[in-house]
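Here is a briefing on one structure.

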Amino acid sequence: MKTFKSVFEQYDWNTIQSKIYQTTSKEVEASLSKSKRNLDDFLVLISPAAQPYLEQMAQECHELTKKRFGKTIQMYAPMYLSNECQNICTYCGFSLDNKIKRKTLTAEEITLEVEALKTAGFDHVLLVTGEANYTVNIHYFLKAIEQIKNDFSIISVEVQPLSQEEYEQLHEAGVYSVLVYQETYHQEVYKQYHTKGKKSNFNFRLETPDRIGTAGIHKIGMGVLLGLEDWRTDSFFNALHLDYLQKTYWRTKYSVSFPRLRPAEGVIEPNFIMDDKDLTQLICAYRLWNEDIEISLSTRESEKFRNNIIPIGITSMSAGSKTNPGGYVVDPQSLEQFEISDERSAAEIAKLISSVGYEAVWKDWDRNYF
């Protein structure tokens with residue numbers, strides 16, 4: 001079966017990086033003048049040469065998002081089920097070599113966490129775990145999903161890469177979307193960050209979205225961990241991946257997220273700094289390139305940034321997030337995967353969204369219709 005790997009191997013990191021940094025203002029103006037844009041235009045719009053045009057980009061981004069998605073923001077919350085992990089990743093608080101207390105939620109503890117999220121108003125939950133195949137595996141996921149499926153209209157998962165058969169089981173169980181991040185598309189640098197465990201297999205992770213798409217999952221979430229490598233080059237490869245997926249699994253919906261490296265237990269400092277202006281440019285470039293893609297922003301980002309970015313291009317936001325297993329009720333002191341920046345409650349975020357003329361949407365999907 002053909003996978004994205006065959007496309008990826010046709011591109012060279014250094015060549016793409018050079019094209020990005022050699023882009024001229026004339027090329028930027030040509031891309032901005034188009035009504036429909038391709039990957040070459042995306043490359044141009046993430047270049048340093050495009051930064052002086054950010055205001056123009058933001059205005060068009062706002063109009064395109066409003067036309068396609070209306071003035072709505074989808075609300076969701078992550079629920080961390082476990083911090084057990086068999087990988088050593090130098091940027092993650094759950095890394096195997098961090099001497100921390102490990103915890104995996106029991107069925108009773110999951111119930112308590114669910115009650116807290118439902119009380120806050122959430123109807124979309126994102127189940128997150130470390131990558132511990134012996135304990136937090138497909139059997140654990142299926143039990144958890146069966147337990148909570150009547151509590152949430154949308155269940156998404158962000159767990160270790162699985163087999164196609166396992167993704168088919170998740171689909172059958174009612175999972176709406178699967179998020180999987182390549183972290184970085186720089187293959188040599190990837191090895192330096194992932195030194196032990198199944199995650200060190202670059203190609204297995206690279207081909208994961210193909211298995212998800214083949215399994216028929218409704219939506220696939222993509223992204224890179226901003227800070228590991230040059231954000232512009234990494235983002236081009238993420239867009240290349242999305243472009244391939246949309247053409248191959250055209251029935252599937254897609255979203256992109258922008259996790260910037262945040263402080264956590266035992267993690268490295270970012271190798272590449274991405275400031276708020278850079279992130280705004282990247283969000284705008286994605287929207288100007290692809291009107292249909294959903295754009296999500298988590299509580300990794302600051303209050304100020306999240307306040308200002310709402311009218312530009314975001315379609316979904318998390319709120320009141322806890323990034324540790326049991327963080328809402330069961331065990332608030334357990335180790336976080338990373339520190340959040342925006343600590344406001346779901347109610348406060350919903351009020352903020354309303355204050356800028358948008359609607360916080362808690363439910364827009366019901367599996368009974370499909």
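Strand β3 (residues 124-129) and β4 run parallel and are joined by five bridges. Strands count as paired when DSSP finds at least two bridges between them. Helices (H or I, at least four residues) and strands (E, at least two) are DSSP runs, numbered from the N terminus. The model is predicted: local features need pLDDT of at least 70, side-chain atom pairs count only at pLDDT 80 or more, and totals for chains, interfaces and linings use all residues. Residues are numbered from 1 along each chain as its sequence is written, and side-chain values use heavy atoms, with hydrogens and water left out.

**Strands and crossovers**

- Leu-126 stands opposite Ser-156 in β4.
- β3 also pairs with β1, in the parallel sense, over five bridges. Here Tyr-80 stands opposite Val-128 in β3.
- Val-157 has Val-178 in β5 as its bridge partner.
- The chain crosses from β4 through helix α8 (residues 164-173) to β5 in a right-handed β-α-β crossover.
- β3, helix α7 (residues 138-148) and β4 also make a right-handed β-α-β unit.
- Right-handed means that, with the strands pointing away from the viewer, the path from the first strand over the helix to the second runs clockwise.

**Burial of the strands**

- Buried means under 20% relative accessible area, exposed over 50%, and partly exposed in between (1.4 Å probe, protein chains only).
- β3 is largely enclosed by the rest of the structure, because six of its six residues are buried.
- His-124, Leu-126 and Val-128 point one way from β3, while Val-125, Leu-127 and Thr-129 point the other way.
- β4 (residues 154-158) is mostly covered, with four of its five residues buried.

**Pocket and cavities**

- The search runs on a 1 Å grid over the protein atoms alone. A cavity is a set of points where a 1.4 Å probe fits but cannot get out. A pocket is an open set with protein on both sides within 12 Å along at least five of seven lines. Lining residues have an atom within 4 Å of a point.
- Grid points are joined across faces, edges and corners, and a volume is the space filled by probe spheres set on the points.
- The largest pocket holds about 380 Å³ of space.
- It is lined by 24 residues, of which Gln-74, His-124, Lys-219, Glu-294 and Ser-316 lie nearest its centre.
- Elements giving two or more residues to this lining are α5 (54-69), β1 (72-82), β3, β4, β5, β8 and β9 (294-297). β1 gives the most, with four residues.
- Four cavities of 30 Å³ or more turn up in a search of the whole structure.
- The second largest cavity has a volume of about 60 Å³. Its lining includes Asn-87, Glu-131, Lys-198, Phe-204 and Arg-205.

**Aromatic pairs and charges over rings**

- Rings of Phe, Tyr and Trp (its six-membered ring) pair if their centres lie within 6.5 Å; planes under 30 degrees apart count as stacked, over 60 as edge-to-face and the rest as tilted.
- By this rule there are 18 aromatic pairs.
- One of them is tilted: Phe-8 and Phe-202, at 5.7 Å centre to centre with 40 degrees between the planes. This pair links helix α1 (residues 4-8) to helix α10 (residues 202-206), 194 residues apart.
- Phe-8 counts as buried because its relative accessibility is 8%. Phe-202 counts as buried at 5%.
- Phe-258 and Tyr-286 have ring centres 5.6 Å apart and planes at 65 degrees, so the pair is edge-to-face. Phe-258 is in the loop between β8 (253-257) and α13 (276-289), and Tyr-286 is in helix α13. Both residues are buried.
- Ring pairs link a cluster that includes Phe-4, Phe-8, Tyr-11, Trp-13 and Phe-202.
- A charge sits over a ring if NZ of Lys or CZ of Arg is within 6 Å of the ring centre and within 35 degrees of the ring normal.
- Arg-211 has its charged end over the ring of Phe-204, 4.0 Å from the centre.
- Lys-118 lies over the face of Phe-152, 5.2 Å from the ring centre.
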